[in-house]
Amino acid sequence: MAQCTPKSFDLTGKVALITGASYGIGMAIAKAMAANGATIVFNDIKQELVDKGLASYAEAGIKAHGYVCDVTDEDAVNAMVAKITEEVGHINILVNNAGIIKRIPMTEMSAAQFRQVIDVDLNAPFIVAKAIIPDMIAQGGGKIINICSMMSELGRETVSAYAAAKGGLKMLTKNIASEYGAYNIQCNGIGPGYIATPQTAPLREIQPDGSRHPFDQFIVAKTPQAAGARPRIWADPLSSWLLPLPTSSTASSCTLTAASWLTSASSRSKFFHIRHFCAVSAAFRVPGTALFCFPYRLFFRNLLHWS
């Protein structure tokens, strides 16, 4: 198998399924993997979104494979996985990226709305992982990466369902790693933090009185260097990434967050804080916002180590 070292990162011959990767964080992840040789497969719930995604990948010089699938529908997911295996190849890497958020005060949120968020953000990763793990076992191993959140660690008004789902996803990540580590399947989580995507667009809008959105203010107030941070382009080489992560075949689960100064996670759980490596490469804020440039390539170099 391809070996990942601080000077090389090769996913040639690997098939990566990134759910909901027709835009946003999922597409950024997919492009980083494609740049290192992976064959990209993604899904979305509507054909028009899949078509837009395929066009964006093609524009970037990437031949991706897109499928229409509702990841909350177990039968549809099983059918998609079977079709991908037949048409593209065995899935070696799964990134559970698809997700939604409903910003509604808890007392105003209906149970149906709460269930919908749980269904997409927690049940769907379970359904997709469950569909793929048997073939990963048969193939001798695989990698699963769950896109968690700052809300895997803390709560905030109007996001009760999202926080519940992402907190559950963090624990599902640990459980998959524990249950299937013996089969050379590693499962890790990433909490990207506050990223400029369509999902966070409402939070970047200036309020009628000229102030920032309350959540934007909340993040800025708790972000190191909030007043003087500058954007950083994350370098492709792994030379500056020295943090040892549990990525080998004997590893346990690890959840990485890009805004861990907001959390109080225990080091026992191997929840790695970004401050542990800010001396060599920090996530700086985009000017005028509380948004972060997220080091997808550097994180994935560690999480996708093949042994």
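User: Where do I start? How many helices and strands does the protein have?

Analyst: Welcome! Start with the overall make-up, and keep in mind that the model is predicted. The protein has seven helices and eight strands. Its chain is 307 residues in length, and 52% of them count as buried.

User: What share of the contacts links residues 24 or more positions apart?

Analyst: Here we look at contacts with a separation of 6 or more, and 72% of those in the protein come from residues 24 or more positions apart.

User: Which places along a helix point the same way?

Analyst: An α-helix has 3.6 residues a turn, so residues three or four places apart point the same way. With that idea in mind, look at where helix 1 meets helix 2. On the helix 1 side, the contact is made by G26, M27, A30 and K31. On the helix 2 side, G53, S56 and Y57 take part.

User: At what angle do helix 1 and helix 2 cross?

Analyst: Their axes cross at roughly 35° and come within 12 Å, helix 2 being residues 47-59. The crossing of helix 1 past helix 2 is right-handed.

User: How do helix 4 and helix 5 pack?

Analyst: To read a helix pair, take the angle and the distance between the axes. Helix 4 and helix 5 (residues 160-180) pack at about 15°, with axes 8 Å apart. That angle makes helix 4 roughly parallel to helix 5. Here too the crossing is right-handed.

User: Which residues in helix 4 and helix 5 meet?

Analyst: From helix 4, the residues in contact include F114, V117, I118, L122 and F126. Their partners in helix 5 include A161, A164, A165, L169 and L172.

User: How many salt bridges does the structure hold?

Analyst: A salt bridge pairs a side-chain nitrogen of Lys or Arg with a carboxyl oxygen of Asp or Glu. The structure holds one. It joins the side chains of K130 and E74, at 2.8 Å from N to O. K130 lies in helix 4 and E74 in helix 3 (residues 74-87), so the pair ties together parts that are 56 residues apart in sequence.

User: Last one: which residues other than glycine have a positive phi?

Analyst: T158 has a phi near 75°, and N184 has one of about 65°. T158 sits in the loop between strand 5 (142-147) and helix 5. N184 is in the loop between helix 5 and strand 6 (185-191).

User: Is each of T158 and N184 buried or partly exposed?

Analyst: T158 is partly exposed, with a relative accessible area of 26%. N184 is buried, at 19%.

Note on methods
Residues are numbered from 1 along each chain as its sequence is written. This is a predicted model: local features need pLDDT of at least 70, side-chain atom pairs count only at pLDDT 80 or more; totals for chains, interfaces and linings use all residues. Side-chain values use heavy atoms; hydrogens and water are left out. A salt bridge is a side-chain nitrogen of Lys or Arg within 4 Å of a carboxyl oxygen of Asp or Glu. Helices (H or I, at least four residues) and strands (E, at least two) are DSSP runs, numbered from the N terminus. Buried means under 20% relative accessible area, exposed over 50%, partly exposed in between (1.4 Å probe, protein chains only). Contact means heavy atoms within 4.5 Å. Axes are lines fitted to C-alpha atoms, for helices over the stretch in contact, and angles run from 0 to 180 degrees between N-to-C directions. Angles under 35 degrees count as roughly parallel, over 145 as roughly antiparallel, 65 to 115 as roughly perpendicular and the rest as oblique. A crossing is left-handed if the near helix is turned anticlockwise from the far one by less than a right angle, and right-handed if clockwise.
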